[in-house]
Amino acid sequence: MQEIEKLVRQSKAYAKIKHEKNVDKLSHAYLFVSSDTEYLAEFARAIAKLIMCQSDDICSVCSSCCKNDAGVHADVMKFKSSDINPLVVSEFISSISIMPYEGNYKIYIFEDVGEYSQIIQNKLLKSIEEPPASVIILLTTNNENKVISTIKSRASRVALDAFSLSQLMPYLKKYSSDEKIIEMAVASSQGLPCQSMKTLADVKFKTLYDTVFNVFSNMNSSSDILKFASLFTDKNEIQEFVSLAEIIVRDLIVISAGEEELMLCKSSKKELIEISKGFTISGLSTIIDEINNALRKIFYGVSPVTIMDSLLFKIVEVKVKCKK
């Protein structure tokens with residue numbers, strides 16, 4: 001995806017590796033870390049393209065860049081977690097001693113390495129420890145706790161940075177023309193590009209966004225709880241609702257504290273200021289505690305209906321107390 005590559009090239013993580021390339025200090029192995037699995041894959045692809053490019057930076061016109069874009073570069077090999085088994089790893093180990101066919105390096109990309117079994121990870125370890133000078137190994141993971149410590153200690157760790165709303169906005173407008181929706185999607189995705197795009201591409205997101213605002217604006221009594229609770233019966237939908245509710249409550253606290261410049265959803269400032277008039281900071285803090293309880297309940301598999309009833313009841317309870 002060319003649009004993702006443009007974003008990659010704006011990142012601090014990319015700048016770090018580009019500098020290492022240009023001063024001839026590339027690591028023999030990198031571990032790229034992010035919760036955005038799709039972005040990890042695109043980042044690793046772009047780094048392979050950068051390392052192989054005949055220029056100081058990706059030029060996208062040399063033969064190496066063109067082959068990488070087409071996925072046919074003979075010296076760049078990619079393995080998804082679903083591809084990995086002992087035979088594949090044995091073939092990899094046997095192949096690393098073969099010199100590059102057309103460039104200075106052979107690059108091996110291992111995606112989602114945390115999903116590999118410990119046996120497979122240990123089998124990879126020897127090659128990661130002492131690969132030939134012409135081999136660079138790129139590892140990705142969305143959960144580094146699953147990566148064995150010996151791999152983490154021998155690879156150069158690079159945490160992929162998140163992006164600001166202004167950086168992402170030009171790429172997200174094709175998914176929605178509503179800046180309020182884009183802003184909320186970026187906030188809920190914590191500035192991760194592919195997750196933001198995926199969120200905006202979900203046709204249910206706009207409805208969910210409107211519902212969350214409706215809850216804080218128009219849910220005023222216990223009789224309203226059933227109406228809103230009945231909209232959510234799926235665990236994933238409830239998790240998304242809780243995530244958006246947390247962002248809104250955070251912004252309400254920021255507004256109540258007079259720190260409006262710290263808002264995540266600045267495009268919804270007018271509506272949020274109006275909603276904030278119905279809450280105190282202590283009341284909002286109580287809702288945050290209930291949101292954290294809801295997240296724990298989701299993790300432990302508590303009934304979605306029970307989770308929503310409890311959270312919505314607490315929001316109503318706080319609203320009533322704040323009016324007194």
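Me: Why does D57 count as partly exposed rather than buried or exposed?
Reply: Its relative accessibility is 21%. Buried means under 20% relative accessible area, exposed means over 50%, and partly exposed lies in between (1.4 Å probe, protein chains only). D57 therefore falls in the partly exposed class. This is a predicted model, in which local features need pLDDT of at least 70 and side-chain atom pairs count only at pLDDT 80 or more, while totals for chains, interfaces and linings use all residues. Residues are numbered from 1 along each chain as its sequence is written, and side-chain values use heavy atoms, with hydrogens and water left out.

Me: What makes the contact between D57 and K18 a salt bridge?
Reply: The term requires a side-chain nitrogen of Lys or Arg within 4 Å of a carboxyl oxygen of Asp or Glu. For D57 and K18 the N to O distance is 3.6 Å, so the pair qualifies. The two are 39 residues apart and link distant parts of the chain: D57 sits in the loop between α3 (37-52) and α4 (63-70), K18 in helix α2. Helices (H or I, at least four residues) and strands (E, at least two) are DSSP runs, numbered from the N terminus. K18 is partly exposed, at 26%.

Me: How many salt bridges does this rule give?
Reply: The count is 23.

Me: What separates K16 and E20 along helix α2?
Reply: They are four residues apart in α2 (residues 12-22), which means a separation of about one helical turn. K16, at 32%, is partly exposed, whereas E20, at 15%, is buried.

Me: How do you know that E115 and K146 form a salt bridge?
Reply: Their closest N and O atoms are 3.3 Å apart, which is within the limit, so the pair counts. This pair also links distant parts of the chain, 31 residues apart: E115 is in the loop between β3 (106-110) and α6 (118-129), and K146 is in the loop between β4 (135-141) and α7 (149-154). Both are partly exposed, E115 at 46% and K146 at 42%. Elsewhere, shared partners join the salt bridges of E5, E42, R45, K49 and D69 into one network.

Me: Why is β3 described as largely enclosed?
Reply: Five of its five residues are buried, so the rest of the structure largely encloses the strand. K106, Y108 and F110 point one way from β3, while I107 and I109 point the other way. In a regular strand the side chains alternate between the two faces of the sheet.

Me: How do you know that V302 can belong to a nonpolar patch?
Reply: Patches take residues with over 30% relative accessible area and no salt bridge; like charges are joined within 9 Å, and nonpolar side chains (Val, Leu, Ile, Met, Phe, Trp, Tyr) within 5 Å. V302 has 32%, so it clears the area limit. With F299 and Y300, V302 makes a patch of about 380 Å². Areas come from the Shrake-Rupley method with a 1.4 Å probe; for residues, only the protein chains shown count as cover.
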